[in-house]
Amino acid sequence: MADTKGTSATTERNQPRKSSWKYIGPGIVVAATGVGAGDLVATLIAGSNFGYTLLWAAIIGCVVKISLAEAAGRWHLATGRTLFDGWASLGRWTTYFFVIYVIVWGFVYGAAAMSSSALPLQALWPDAFPADWSIKPWAILCGLVGLVFVWFNKYAVFEKVMTVLVGVMFLVTVYLAIRVTPNLGDAFAGLLPVLPDEKDSVLNTLGLIGGVGGTITLAAYGYWVNAKGWTNTSWMKVMRLDNRVAYITTGIFVVAMLFVGAEMLHASHTSIAGGDKGLLDLTAILEDQYGTATAKLFLIGFFATSFTSLIGVWHGVSLMFADFVERYRSARVTGEEVARGDREKGWPFRAYLLWLTFPPIVLLFQGQPFRLVILYGVLGAAFMPFLALTLVWLLNSSRTPASWRNGWLSNGMLAIAGLLFVVLCVKQIWDVPWADVF
């Protein structure tokens, strides 16, 4: 006799869910993690240098990221397999690249994330530690708090905290954009795809398109989708809505900071430092023009931006590393295993958490070794074309069910993303002072 009860349960489980705002979650996490302090500074500097001219490029950058994150999420839901499992099916070279990447990248990124989170805290409480200690105590504290938080909480709690911090980021950036009174006429003109007249304007434009919100966290999106409990194609519509919300949110952050750069910096010909310290320069300008309260509010938003990137990487990339380990302990890993939450309590997940936290503390005291930083930069530049091109490969092959393979639009967007990131990767490698390296 047929097991009609079991068949009925399976059918019900695979019924498409209605896309609803109540399910939104992984998208908020990927948006918060992908946009760090350095991304906001890059956008500020673009606004400072070019006014509203590159607004269109910032928006296209968000559209490109939507296509990449959607492809990663679709792979997880359509196949029931994880992204690393898909990479492994393409050959051993993908594993070698991934392992070298997560070891080197994690080591250097850990120190960078802790330092970025420490800068606004030191500015808010400058007398908390002796001046000659610099930001080191705050940086170590941020790393340890991130470690403890991710170690003892599963995805559900992690998502709630990220949502609160995103709310803080959102309110602060939108408040600043309104406070500087943007010129809406110039802003609308910035939607036309025009390149600035300055030297290297093409590469600067490509850098803005590719830079904001583009990291390994795009690959982690599929893992957060599974961790949310979405494990099959019935969640496809929900995932796509969630992904659009993620990059609309990112777009609002980017546009808001571009407005601030265009109005506060471009109009007054004021420059700020590159990297995270540029936000401290902006804090001083805000205090001078709008008062201490606005400056402190901005520092709170600065901390929320940096700390969400820290705990997002601590969680998402640790999930990916755990998947890599489990893939070689068993024949295949599935999204269902990620959804159960066991990975977050396993030793591979926690081992990578420790790697992100403690070895980088050494870099805080000794400085970052030149050759290691060069390798970090090259690997980081190579990851995005690796992600885009392997997704094209996976989602056009028999590894993906025919009904969920790429259409012309997905292939076009991923091809554009792949080409964009290949150009940026070549530029990164070209700019390396190889004579000093060797």
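**View 1. Gly 51, at the end of helix H3.** Just after H3, Gly 51 adopts a positive phi of about 65 degrees. Helices (H or I, at least four residues) are DSSP runs, numbered from the N terminus. Helix H3 covers residues 37-50, and its end C-alpha atoms lie 20 Å apart, in agreement with the 20 Å that its 14 residues should span at 1.5 Å a residue; the expected span is 1.5 Å times one less than the number of residues. Ten of the 14 residues of H3 are buried, where buried means under 20% relative accessible area, exposed over 50% and partly exposed in between (1.4 Å probe, protein chains only). Among these buried residues are Asp 39, Thr 43, Gly 47 and Phe 50. A note for all views: this is a predicted model, in which local features need pLDDT of at least 70 and side-chain atom pairs count only at pLDDT 80 or more, while totals for chains, interfaces and linings use all residues. Residues are numbered from 1 along each chain as its sequence is written, and side-chain values use heavy atoms, with hydrogens and water left out.

**View 2. Phe 383 and the largest nonpolar core.** This core has 140 residues, of which Leu 68, Leu 83, Trp 87, Ile 311, Trp 314 and Phe 383 touch the most other members. Helix H12 (residues 236-266) gives the core its largest share, 17 residues. A nonpolar core here is a set of buried Ala, Val, Leu, Ile, Met, Phe, Trp, Tyr and Cys residues joined through side-chain atoms within 4.5 Å. Look around Phe 383: setting aside neighbours within four places in sequence, its contacts are Trp 87, Phe 97, Tyr 101, Ile 216 and Ala 219, with contact meaning heavy atoms within 4.5 Å.

**View 3. Salt bridges, with Asp 85 and Arg 81 to begin.** Seven salt bridges turn up in a search of the whole structure, each a side-chain nitrogen of Lys or Arg within 4 Å of a carboxyl oxygen of Asp or Glu. Asp 85 and Arg 81 pair through their side chains at 2.8 Å, N to O. Asp 85 is buried at 1% relative accessible area, and Arg 81 also counts as buried, at 11%. Elsewhere, Glu 70, Arg 74 and Arg 240 are linked in a network of salt bridges.

View 4. Lys 228 and Glu 159 meet at 3.0 Å, N to O. Lys 228 sits in the loop between helix H11 (217-227) and H12, and Glu 159 in helix H8 (residues 155-179), 69 residues apart. Lys 228 is partly exposed at 28% relative accessibility, whereas Glu 159 is buried at 9%. In the other pair, the closest N and O atoms of Asp 323 and Arg 343 are 3.4 Å apart. Asp 323 belongs to helix H14 (residues 292-327), and Arg 343 to the loop between helix H15 (335-339) and helix H16 (347-366). Both Asp 323 and Arg 343 are buried.

View 5. Phe 188, in helix H9, is exposed, with a relative accessible area of 59%.

Conventions:
Helix = DSSP H or I, 4+ residues; strand = E, 2+ residues; numbered from the N terminus.
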